[in-house]
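Dear colleague,

Please read the notes with the model open beside you.

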Amino acid sequence: MTKSADRTPKIDVRVTQIVDVTSEIKRFRFEPTDGKPLPVFAGGAHVVVEMEDGDTLRRNPYSLMSSPGATDAYNISVRRDPGGRGGSMFMHDRVTVGSLLRLSHPVNLFPIDRRARKHLLFAGGIGITPTLAMMSELARYGDAFELNYAVRSENDGAYLDQLRNTYGKRVSIYRDDQGEQIPLTTLLAAQPLGTHLYVCGPGGMMNWVLSTAEGLGWPAQNLHSERFLAPPSGSPYEVRLAASDLSIKVGPHQSMLEAIEAAGVDAPYLCRGGACGQCETRVISFDGTLLHNDHYLTDDEHAGGQKVMPCVSRFEGRELVLDR
Ligand code: FES
């Protein structure tokens, strides 16, 4: 068993179904090994899936896409990413029906705001997964919503038939290879006052949707997004953990958070993707360059060099000392 000091409660599950959704996306069904009901969650929630990959304990966040009311099983979808650090490849190539995995309890950083008069959802690619659970919840409550879903092509799009059959005209699908584009400005201008916007997808699409809405005067509190970054690889480096009195090495394909965990030091996290702020760690001193990759800290905080988000950020230089 890989060493880790993570003492948060976990859920042991068995993989009971794996479905090829597209050539790149697989859906996994997890059922609890103890047969007890799983914790309820709300649309937009994710779990962190633990994967023991040789000496490395990987923990990747995946959005829950099942109906939030279902407590007998959770479903996630994973897109194969051969250029990533290995988590998605592990899920695709090593996990089979019957595999035992461990999950965090669900956490929701992308909740629906039920005060909204209408919910306008945007998804791109695998960003459809939280949206599926959100729509299921909105439909259950009878709330007004519509989805605009951008895909590369009919074959690459996940869950297209399910969406068309379940939600009919409330879903619009835009296929890149057919030259179809979300008519964003027109759509945004046509919404009733009090509409909330939700977007999940590739970074470029999210920036486009959010900046267009901001430019048209949408209030910031009506804009919701979820963007988990994959921790980037880089040169190896060393970190001194002052409170734990340890010096640790961070490997080229390891995040600082993973290295801290592997050293047996308890370190908080929720998203593991630079979004939630939970892993924020005080920098005591450094001689080099902090490579901030999160989108939680402000530009001023990045420049100040007094905080770092070890789930996605790295370091280059002679010495980094953290208060951990
Ligand atoms: S765990 Fe969420 S920002 Fe690091």
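Which residue in β16 does Arg282 stand opposite? Arg282 faces Lys307 in β16, and these two strands, β15 (residues 281–291) and β16, run antiparallel and are joined by 2 bridges.

Please keep in mind that this is a predicted model, in which local features need pLDDT of at least 70 and side-chain atom pairs count only at pLDDT 80 or more, while totals for chains, interfaces and linings use all residues. Residues are numbered from 1 along each chain as its sequence is written.

β15 and β16 belong to an open sheet of 5 strands with mixed pairing, in the order β14-β13-β17-β15-β16; strands here are DSSP runs of E of at least two residues, helices are runs of H or I of at least four, and both are numbered from the N terminus, while two strands pair if DSSP finds at least two bridges between them. Because β14 (246–250) and β16 (307–308) each have a single partner strand at the edges, one side of each is left without a neighbour in the sheet.

Another open sheet of 5 strands has parallel pairing and the order β10-β9-β8-β11-β12, with β10 (171–175) and β12 (223–225) as its edge strands, each pairing on one side only. Within this sheet, β8 (residues 118–124) and β11 (residues 195–200) run parallel and are joined by 6 bridges, and Ala123 stands opposite Cys200 in β11. Helix α3 (residues 160–167) packs on the sheet, touching β9 (145–151) and β10, where contact requires C-beta atoms, placed from the backbone, to lie within 7 Å.

Best regards

Note on methods. Contact = placed C-beta atoms within 7 Å. Axes fitted to C-alpha atoms, helices over the stretch in contact; angles between N-to-C directions.
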